[in-house]
Amino acid sequence: CSSDLWPVEPPQATMFLWARIPEPFVEMGSLEFAKLLMREARVAVSPGMGFGPMGEGFVRFSLIESDDRMREATRNIGRLLARDDVRGEFAARPVHV
């Protein structure tokens, strides 16, 4: 899941990856950012807020899919984050799914 647009640390000995929400999406919050990923990149993640107040600002990926599906998800997220309209328009408003 790591790229120049969203650098993340690979997990150690777990099937979950916790990723801090990239700038400029932080103000959106984890729930709205998770909805954005689902709607625009077709990737489901768990919003960090569902794990308590310390989880806000993060999303959690479950790394249980095949390598092909993981590459597809990574590609879709990369395309989404590279879009100029996403960094401007979507970051400024909530996304309703």
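A: By class, the lining of the largest pocket comprises ten nonpolar, four polar and five charged residues (Ala, Val, Leu, Ile, Met, Phe, Trp, Tyr, Cys and Pro count as nonpolar, Asp, Glu, Lys and Arg as charged, and the others, Gly among them, as polar). The model is a predicted one, in which local features need pLDDT of at least 70 and side-chain atom pairs count only at pLDDT 80 or more, while totals for chains, interfaces and linings use all residues. Residues are numbered from 1 along each chain as its sequence is written, and side-chain values use heavy atoms, with hydrogens and water left out.

The lining consists of 19 residues, of which Val43, Ala44, Glu65, Arg69 and Ala73 lie nearest the centre of the pocket. A pocket is here an open set of points on a 1 Å grid over the protein atoms alone, where a 1.4 Å probe fits, with protein on both sides within 12 Å along at least five of seven lines; lining residues have an atom within 4 Å of a point. Strand 3 (58-62) and helix 2 (67-82) are the elements that give two or more residues to this lining. Helices (H or I, at least four residues) and strands (E, at least two) are DSSP runs, numbered from the N terminus. Helix 2 gives the most, with seven residues. The volume of the largest pocket is about 350 Å³, a volume being the space filled by probe spheres set on the points, which are joined across faces, edges and corners.
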